[in-house]
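Here is a short briefing to read alongside the model on your screen.

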Amino acid sequence: MDFQAYFEEWSRRPGDTVRMAVSTAHPEVKARFVRVVTGPGAKGEQKVGTVEFPAVLDTTFAGREQTTVVGSYARLPLPPAGWTDALTIHCWIWPTVPERPQAQTVWSLPGLSLVVSNGGLTVIAGGAVAATVTGLRGRAWYSVTVSAGPAGIALDVSEVGALVGGTFSAKGAGAAPAAASELLLSASDIDATGSPVAPFNGKIDSPRLFAAVVSPSDLGAGGDPVPPIAAWKFGADWASRTIAVAAGQCPPGEIVNGAERGVTGHSWDGESDSFAEVPEQYAALQFHDDDMVDSNWDYDLEFTLPADLKSGLYAVRLEAGGKVDHWPLFVMGAKGEKAPVLFLLPTNTLLAYANDHLANLDFSSVMPHEKVVPAEEEYLFHHKEPGRSCYDTHSDGSPVRYSSRRRPIFNIRPGFPNWLTGSYRHFSVDVYFVEFLEKLGEGWHIATDEDLEREGVEFLSNYKVVLTGSHPEYWTQIGRAAMDGYLRAGGRLMYLGGNGFYWVTSRDPERPWVIEVRRDNSGTRCWDAPYGERMHVMTAEAGGLWRNRGKGPNKLVGLGFAAEGWSKAAGYRRHPASYEGVGKVFFAGIGEEVVGDFGHILDGAAGDEVDRYDVKLGSPAHATVLATSTPLGNEYQLVIEDQILALPEQGGAQRPDAVRADIVYFPVGDKGGAVFSVGSITWAGSMAWNDFDNNTAKLTENVVRAFIRDDLPA
């Protein structure tokens, strides 16, 4: 990788300061500020058309390689009184991959640690193995007691709820270590990069320390025989990285680099899946050796945006050694500034897919074109430092539920190719909309999902019409409510993508650059939520599909996710309402019966992931369907949530009634609100065909201008 980089903040306003972190092996790097004005062009072109702004940034700086903390752990400060010649540490553990030969540290003190490896649990005292038990199973709960005193080291392990056996013990030589200032969880030490050494994969529940040798039979049976000198509240303050103290005179603890709260503990009985209802059953933290939520690099560039800079998509262009790269920055309008159009970039979706490892999966049955994986994605397969996406699992197979924008994200750059479509997807596709708006000649601004959630309906009220990106799949409750309020107050929305408004998403209140996704065990998904763990810690709300909470996309934009596939896309065949009546103004100047039977992505306007109109799922009965996709192939399969039983023949050729994309229009309320939806991710690639001189681009232009000028159908 020639350059890895990210901005402190993704979106800025004119007059704001921008800070950018860069890591590179090149000794010297040239940086210039540019405005991105074109999409990526045709398949393989990977075009990045720009206008330069050297007065904003035109500099050369020394390159350097920066390191990233990988792996999560926790620091638990201990009371100054400590202990003398005896110590007992008790906790419950749930190892996910105990069979690995590599050491995984459950907890450590200087001179004493508990380590999982090769299916066993070992106490290391004074650098030597003191006691070992074997027979640990993955994803089973164990009560673990380690005592160190004048008689030596004792390790006692019992499986929670085991029907037969499940009790192990071992003794060995050793003594209590000297009193220490902190207990580390999931680390034997911290290396020079700040990463945990020999981190643990699994859960740790309620560690307690006693300044005495305590028998495991006396622990947890109606109260402790002696008061613990330190204990912590893992089952509280769900969204916080701070760990409150339950016993002992010591400072609060700290979660580092993404260890998870809101996970089931050893006492979870399955009667509730809400940590808000039974917090004592969620008194655990889960650790992974590949957690990464913030690169935490030093910033190499700092510059100020001009007060009169127009809103739009910008980038910092980095050049060195004959290599060129662009890292995008989104510049909003000035505070309170109005414009006819807002392009709302679906950054929650971009974050959910950020640095995804989906190329490891086999999509050949629904993707007949050749699979070509970009070099940057190959790099991800061998490097943990850039982190993973919410479509991935951790190295131990558990789901990735957090994603951060404060890290280098390779697939969020203009012109970045996509192996799944054979051309482009996500951010690269959204840049087609930027090019369309640059050509349109109407005033426009850009903003992100995060901006909308922070500023709400008042922010949206500055615009006559809001355009979505190609795949606005991930929405928070705050963002969805703001959009609903905007429409009811007279706003106009053009939903120009597919599979939108689908997954419940939340944002970290302490670190707004981090999102959380906890999928339910339904919907078209890449992993299942572990039992009992669908509640978001950020907001204490149920995760999963908005549809399962009665707030599906059909109710908001008239369409909902119907099918996905990555073979040839289709055009849309017009209905009578597109010629006369409601749709006449939108289709003015378009004579063809089929629109969008062409495009830079899968060769059509209706493809990738598509949405249909369905009153049973909440689509407004008064909406007008203006066009429906021509038949899609059997590579396009009906979504899982629409199937009660697993049945064959659910493809586009067999179920055209359900596997389809629709174009709909409907008014909202009595204040002039309106929605126009196309229900397809590939729409923008069709708009861009023939330099935007085509019927798909014409239809989009007609709707934008009608919405701006209040020329709405009766």
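Phe 586 and Tyr 665 are both buried in this predicted model. Their ring centres lie 5.2 Å apart with the planes at 70°, so they make an edge-to-face pair. Phe 586 sits in the loop between strand 37 (572-574) and strand 38 (594-595), while Tyr 665 belongs to strand 42 (residues 662-668), so this contact ties together parts that are 79 residues apart in sequence.

**Aromatic pairs**

- Searching the whole structure turns up 30 aromatic pairs.
- One of them joins Phe 33 and Phe 53: the ring centres are 6.5 Å apart and the planes meet at 75°, so this pair is edge-to-face.
- Phe 33 is part of strand 4 (residues 28-36), and Phe 53 is in the loop between strand 5 (50-52) and strand 6 (58-62), so the pair ties together parts that are 20 residues apart in sequence.
- Phe 33 is buried, with a relative accessible area of 0%, whereas Phe 53 is partly exposed at 26%.
- Phe 33 and Phe 53 also belong to one aromatic cluster together with Phe 303 and Tyr 314.

**Charges over rings**

**The largest cavity**

- The whole structure holds 5 cavities of 30 Å³ or more.
- The largest cavity has a volume of about 140 Å³.
- Its lining is made of 13 residues, and the closest to the cavity centre are Asp 356, Asn 411, Asn 418, Arg 425 and His 426.
- Sorted by class, the lining of the largest cavity comprises 6 nonpolar, 4 polar and 3 charged residues.

**The second largest cavity**

- The second largest cavity has a volume of about 110 Å³.
- It is lined by 15 residues, and those closest to its centre are Asp 291, Met 292, His 394, Val 400 and Tyr 402.
- Which element gives the most to this lining? Strand 29 (residues 402-404) does, with 3 residues.
- By class, the lining of the second largest cavity has 4 nonpolar, 5 polar and 6 charged residues.

Methods:
Residues are numbered from 1 along each chain as its sequence is written. This is a predicted model: local features need pLDDT of at least 70, side-chain atom pairs count only at pLDDT 80 or more; totals for chains, interfaces and linings use all residues. Side-chain values use heavy atoms; hydrogens and water are left out. Rings of Phe, Tyr and Trp (its six-membered ring) pair if their centres lie within 6.5 Å; planes under 30 degrees apart count as stacked, over 60 as edge-to-face and the rest as tilted. Helices (H or I, at least four residues) and strands (E, at least two) are DSSP runs, numbered from the N terminus. Buried means under 20% relative accessible area, exposed over 50%, partly exposed in between (1.4 Å probe, protein chains only). On a 1 Å grid over the protein atoms alone, a cavity is a set of points where a 1.4 Å probe fits but cannot get out, and a pocket is an open set with protein on both sides within 12 Å along at least five of seven lines; lining residues have an atom within 4 Å of a point. Grid points are joined across faces, edges and corners, and a volume is the space filled by probe spheres set on the points. Ala, Val, Leu, Ile, Met, Phe, Trp, Tyr, Cys and Pro count as nonpolar, Asp, Glu, Lys and Arg as charged, and the others, Gly among them, as polar.
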